[in-house]
Every structure is written in C-alpha cells, then in structure tokens.
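Please look over the model below before reading on. The report then covers its ligand sites and some backbone features.

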Amino acid sequence: MLVLGIESSCDETGVAMVQSHGDAVPTLLAHALHSQIEMHQAFGGVVPELASRDHIRRVLPLTRQVLSESGRSLQEVDVVAYTRGPGLAGALLVGAGVACALGAALGKPVLGVHHLEGHLLSPFLSEDPPEFPFVALLVSGGHTQLMRVDGVGRYELLGETIDDAAGEAFDKSAKLMGLAYPGGPLLSKLAESGDPKAYALPRPLLHSGNLDFSFAGLKTAVLVQSQRMLAAGGVTRFQALPAQQQADLAASTQAAIVEVLLKKSVTALKQTGLKRLVVAGGVGANRKLREQLNAECAKRGVRVHYPELHLCTDNGAMIAMAAAMRLQSGLQTAVTDYAFDVKPRWPLHSL
Ligand code: KG4
Ligand code: ZN
C-alpha cells in the first residue's frame with residue numbers, strides 16, 4: 001500500500017511517500033520539505049496568515065518532487081494522508097484541502113492524522129525502530145508530554161506541561177538573548193562554550209512528585225538574570241555582554257530544561273517499569289538532552305530511540321508513517337468522505 005502524506009500544521013510544508021507491506025514496518029520511499037523559518041524570522045515568530053499562504057505555494061511542487069523521487073505516479077497512491085491537527089487552523093486547512101482534493105480527483109480514500117502521533121511514531125522511520133511498549137517523551141515547540149505507549153493508538157498520558165512547552169522555553173529564552181527565531185538550536189549552539197553551572201536557574205516542578213512540567217517560571221528567571229547582567233555590565237543589549245557571559249546563561253538555561261526533562265523521563269520509566277524510551281519532537285534534536293538521556297538510560301539498562309535528526313522537527317514522512325501504521329493496525333480505515341475538518345486543538349490521548 002502506498003501512502004502519500006502531507007504536513008502543514010505550522011511553519012514547515014512536508015510531503016512524503018511511504019510504502020507498507022503486510023505487518024512489516026512501513027518504509028519511506030521519498031520525502032520533501034520546505035521550511036518557512038527564514039520568512040518568519042523577520043517577525044520573531046510564526047505569522048499564521050503568511051504560513052498558510054506559503055503552504056499553498058509549496059505543497060504541489062513538493063508533491064511533484066516526492067512523486068519523481070519515489071518513481072511513483074499519483075495514480076499508484078492508495079491513500080492520501082494529511083495532518084488534521086493540532087496546529088494553526090489556516091495552515092492545517094491547506095494540507096487538508098489539498099489532500100482531500102487529490103483524493104477526490106483520484107477516487108482514493110483520505111486519512112486525517114494527529115500531528116503528535118506523527119512525532120511519536122517517527123522513530124519507526126529510523127534504522128533501529130523501537131518495539132512496543134515504551135515511554136515516550138514528546139518535546140516540541142507546542143507540547144511537552146510523557147506518554148505510555150502500548151501500541152499504535154494506545155496512548156496513556158502520564159504527565160504534561162501546565163504552561164509553556166520545552167521548545168517554547170528554549171525559544172523564549174533565546175529571544176531574550178537576541179537570537180533569531182526559532183531560538184532552540186541557536187541557544188544550544190551558544191551554550192556549547194558556556195558553563196551550565198554559572199547561573200542558578202530554577203528547575204520547575206522537579207520535585208512535584210508527579211510527571212507534570214512547568215517552564216513559564218524558568219523563562220522569567222532567565223529574563224531577571226539577563227537584566228541583572230545588563231545592569232552590572234552597563235549595557236542595554238544582551239549581545240553587548242561579554243561572549244562568555246552570554247554562553248554561560250545559554251548553557252545554564254539549557255541545563256535547567258534538560259535536567260527537568262531527564263529526571264521526569266526517568267521517573268516515568270520507574271513508574272511504568274518499562275525499559276524503553278522514545279524521544280520525539282523538535283527538542284529531541286538537542287545534543288545535550290540526547291547525551292544525558294543516553295548516559296542515564298545506559299546506566300539503567302533502558303534502550304532509547306530517537307527519530308533521525310532531520311526527522312525530529314516537522315516533516316511529511318512522520319505523517320505518512322503514522323497513517324500507514326494506523327491503517328496497518330486495523331485501528332482506522334481511510335474514508336472517501338472528502339468533507340474534511342481540521343482540529344487546531346486535539347489532545348493525543350483522546351485518540
Ligand atoms: O516538533 P517541532 O518541529 O514543531 C512543533 O511541532 O512544535 O519543534 C520545534 C521546536 C522549536 O521550539 C525549536 O526551537 C525546537 O523544537 N528545537 C530545538 C532544537 N532543534 C529544534 N530545541 C533545542 N535544541 C535543538 N537542537
Ligand atoms: Zn511538530
């Protein structure tokens with residue numbers, strides 16, 4: 001079965017073709033991606049209307065590219081999958097509209113996919129796919145969740161953020177440091193030459209006894225600390241501070257976020273008794289997080305799985321993959337009712 005997948009929930013347009021064979025893990029034939037990051041950078045964040053318009057411009061050329069790279073024709077596609085939510089309503093409507101138009105024109109069924117399920121199942125696209133059950137740490141720009149995953153569609157929420165997501169904590173702190181949007185990767189780069197112990201920043205909810213997260217207070221602490229540094233240095237811009245101080249605050253911020261993610265993941269593994277951890281979502285690309293999770297899990301005899309680095313952030317491959325796995329599991333059938341809707345808010349555990 002050939003599944004064409006379209007992702008357009010935020011600021012990346014992604015298209016991919018996945019093939020499934022019986023019960024085997026589906027394989028990726030081709031994927032193409034256009035990131036809008038540069039376009040949104042001038043505004044310091046995603047501008048929803050610009051995002052929607054750009055998805056419109058990119059989605060068909062990317063689809064042609066995927067068809068050409070996979071060596072398949074549109075007529076061979078069995079199911080057209082798209083991200084139904086969560087995400088920006090206008091952006092989601094582009095992918096949903098194009099998928100349903102393609103489905104209707106080809107006489108093929110369509111399937112709306114949950115974006116986070118895409119992230120969650122994205123490690124199945126790697127050469128070392130996980131086995132169920134596992135604990136999943138989902139860390140993206142909009143979500144921070146720990147889930148127990150017993151199979152496709154069998155998701156139990158163990159804990160989640162009560163305010164900002166981990167990616168948001170990275171991005172908002174990076175913005176305070178004068179770094180471009182999205183600041184997560186840039187903050188992490190700046191942190192490389194910094195001392196993670198230079199500034200004592202809070203580890204919110206570290207000892208809360210549950211698996212919930214909170215990152216809003218950390219962002220405020222970074223703001224207060226940076227203001228202190230500006231006053232002490234007699235400058236008005238963070239980037240006018242000595243390079244070492246900038247790197248130290250970046251490293252201290254990253255250390256606070258990573259420590260909370262690490263400790264809560266370990267608690268989730270202990271509570272569930274599971275010996276497998278899957279890390280997915282954009283923040284899963286963070287090198288420090290990977291280093292520390294790898295070290296801690298090795299000590300505990302836990303196997304950790306990540307998506308390939310280039311598939312950590314949004315892409316079409318994970319959407320085609322999630323659709324193929326849902327269909328394969330018999331959980332869902334694709335439909336020929338093309339009256340689509342999108343779900344900008346859609347909790348994963350409601351699936
Ligand atoms: O999963 P994703 O592409 O989009 C959402 O579904 O939200 O995640 C994007 C988030 C952004 O907040 C970005 O700053 C963060 O992932 N991110 C990183 C790194 N790469 C991406 N954060 C920290 N370190 C990184 N290397
Ligand atoms: Zn995402």
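## Ligand sites and backbone geometry

Pro182 sits in the loop that links α5 and α6. Helices (H or I, at least four residues) and strands (E, at least two) are DSSP runs, numbered from the N terminus. The bond between Tyr181 and Pro182 is a cis peptide bond, with omega about -15 degrees.

This is a predicted model: local features need pLDDT of at least 70, side-chain atom pairs count only at pLDDT 80 or more, and totals for chains, interfaces and linings use all residues. Residues are numbered from 1 along each chain as its sequence is written, chains are lettered from A and ligands numbered from 1 in the order in which they are written, and side-chain values use heavy atoms, with hydrogens and water left out.

Pro133 belongs to the loop between α4 and β6 (134-139). Leu205 is not a glycine, yet its phi is positive, about 60 degrees. Leu205 is placed in the loop between α6 and α7 (216-233). Most residues other than glycine have a negative phi, and most peptide bonds are trans.

Now ligand 1. Its shell holds 18 residues, and the closest are His119, Gly141, Asp171, Gly282 and Asn286. A residue counts as near if one of its heavy atoms lies within 4 Å. Three helices, α4 (115-121), α5 (166-176) and α6 (183-191), each supply at least two shell residues. The largest share, three residues, comes from α5. By class, the shell has five nonpolar residues, eleven polar and two charged. Here Ala, Val, Leu, Ile, Met, Phe, Trp, Tyr, Cys and Pro are nonpolar, Asp, Glu, Lys and Arg are charged, and the others, Gly among them, are polar.

| Residue | Part of residue | Distance to an oxygen atom of ligand 1 |
|---|---|---|
| His119 | side chain | 3.1 Å |
| Asp171 | side chain | 2.6 Å |
| Gly184 | backbone | 3.2 Å |

Taken alone, ligand 1 exposes 550 Å², and the protein buries 87% of that (Shrake-Rupley method, 1.4 Å probe). Ligand 1 lies between domain 1 (2-121 + 311-350) and domain 2 (132-306), because both give residues to its shell. The domain bounds come from an automatic or database domain assignment.

Which residues coordinate the zinc ion (ligand 2)? They are His115 (NE2), His119 (NE2) and Asp314 (OD), at 2.0 to 2.1 Å. Donors are N, O and S atoms within 2.8 Å of the metal (3.2 Å for Na, K and Ca); water is not among the atoms, so sites may look incomplete. Along the chain, the donors follow the spacing H-x3-H-x194-D. His115 and His119 both lie in helix α4, four residues apart, about one turn of the helix.

Key: A polar contact is a pair of N or O atoms within 3.5 Å; within protein, one must be able to donate a hydrogen and the other to accept it, and residues adjacent in sequence count only if both atoms are side-chain atoms.
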